Amino acid sequence: MKGILPDEGDPNARHVQKNNDKMMQVVKNNENRSLKTNRLFPTPNKPDPMPADLAFLFTKITPEQMIYMWNVLTLIFVTQCLMVIGYAAALSFFPGYWWTCTLTFGLPFSYIAIQNIYIDHDVMHGATFPRYEWQKFITHCFADFFSLPWEEFVLEHNRHHASTVDLLVQGEFGWDPEEFHYALQQWSDKWYHYILTIPWIPVVHFFGLNDTGALFALEWYCHFPDEGTGGKCNKEFWTKWVPRRLKHSAFVASLWACIWLLGTVPLGRPLSEGWRFMFTVSFFARVGFSAAWIFITNFTHSLPWNRFIANDPARTWPLLHSIMAIVLGGRHRWNEMLFHDVHHAFPNAVGTLSQRGRFHGWEKVHDAAAEVLHRGLWKPNGDEPTEMQKQQRKRSILMRSFKVDNKM
């Protein structure tokens, strides 16, 4: 799957093994053009020769950095578990202060869920495989009662990158598992049409139609793995995919069963009322996970947002940058919102901007991403510039002029 991503070179190159699985193919015609837009599969414009001030952005992360990110993800899981236990204890000792205990627990829990998704995203782009096997079970188990195993979470996200190269043209080179989200926000160019569909975006996220949710898992299972020859069952379905899914689902079910039990005897309630506590925990988890996915998928892939940042909001909306940096967990996370197009051009070589900012500082990563954007993300191939490329060019010019003005 990594071999068919944009920054792995031409999908027709020799280093990409031929594969008959639909999920492992870029959908094009014989002229290397998209069946949807008739556009050539673009080639990222990786700096060559590589300037010294940009080299860190394209350098593979070290094993120590990989372990560090998995340790952070593990710490998030432990924190979530302790918060749930603490919430149960608070309700037990202060039964008359339900709202106080619930909000004191719930709001920070939603915030931690946002951090959970961002570190998940960081890990899958550069530190995909955990040091210990048990760590792959704790990556997103609080997101829903049923979800994809870690390996398939990574796989479907890479499928998204292989299919959607331009942020504003979803599924340009094959099926994108996240297309339904984008359909709700890009089915029309009339603002009053958005009123009918935009309000549904947080609703579908809340009920699990995102990468870590139950509805999304069901959608993915309907598409993967591909059927075998002659419509037969995939030869690895029962030996590889089903056992992996069952183990992950069993762990997630066990976690929520424990949460159910915490809401019974410790709170003086019968076993049949454990759902009250469990649903409260799930509610705040869903709020956080939904918010994170709305930022990562809906905002970054929307035309209004890309038009907005094309006007260089760092200069005209500095307060917005500060507030959103706090909401997302730091300015290095905000870089992911500002330069998601750079991330899509180099999902392997650069990975996530938030990951790079964790080790090199948000400002250094911001300036490097701005320079990469100014150089042009894609090599010219004779095709007309897309709407996204026009917005990128406008934004890079404004950012460059702003930088020059500040130096004078």
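Is Cys 101 buried or exposed? Cys 101 counts as buried, at 10% relative accessibility. Buried means under 20% relative accessible area, exposed over 50%, and partly exposed in between, with a 1.4 Å probe and protein chains only.

## Basis

This is a predicted model, where local features need pLDDT of at least 70, side-chain atom pairs count only at pLDDT 80 or more, and totals for chains, interfaces and linings use all residues. Residues are numbered from 1 along each chain as its sequence is written, and side-chain values use heavy atoms, leaving out hydrogens and water.

## Cysteines

The disulfide count is zero. A disulfide here is a pair of cysteine sulfur atoms within 2.5 Å. For Cys 101, the closest cysteine sulfur is in Cys 81, 20 Å away and too far for a bond.

Cys 258 is partly exposed, with a relative accessible area of 48%. Its closest cysteine sulfur is also in Cys 81. The distance is 9.0 Å, again too far for a bond.

## Domains

The protein divides into domain 1 (34–59 + 298–406) and domain 2 (63–297). These bounds come from an automatic or database domain assignment. The contact takes 37 residues from domain 1 and 38 residues from domain 2, where contact means heavy atoms within 4.5 Å. The C-alpha centres of the two domains lie 26 Å apart.

## Largest cavity

The whole structure holds four cavities of 30 Å³ or more. The largest has about 70 Å³ of space. On a 1 Å grid over the protein atoms alone, a cavity is a set of points where a 1.4 Å probe fits but cannot get out; a pocket is an open set with protein on both sides within 12 Å along at least five of seven lines; lining residues have an atom within 4 Å of a point.

The largest cavity lies between domain 1 and domain 2, because both give residues to its lining. Among the lining residues are Arg 39, Asp 166, His 344 and Trp 378. Five are nonpolar, four polar and three charged. Helix 18 (387–407) and helix 15 (340–345) each supply at least two residues. Helix 18 gives the largest share, three residues. Helices are DSSP runs (H or I, at least four residues), numbered from the N terminus.

## Largest pocket

The largest pocket has about 910 Å³ of space. It is lined by 39 residues, and the closest to its centre are Met 1, Lys 2, Phe 129, Leu 155 and Asn 158. Helix 4 (150–163), helix 9 (237–262) and helix 16 (353–360) each give two or more residues. Helix 4 has the largest share, five residues.

Each of domain 1 and domain 2 gives at least three residues to this lining.

Key
Grid points are joined across faces, edges and corners, and a volume is the space filled by probe spheres set on the points. Ala, Val, Leu, Ile, Met, Phe, Trp, Tyr, Cys and Pro count as nonpolar, Asp, Glu, Lys and Arg as charged, and the others, Gly among them, as polar.
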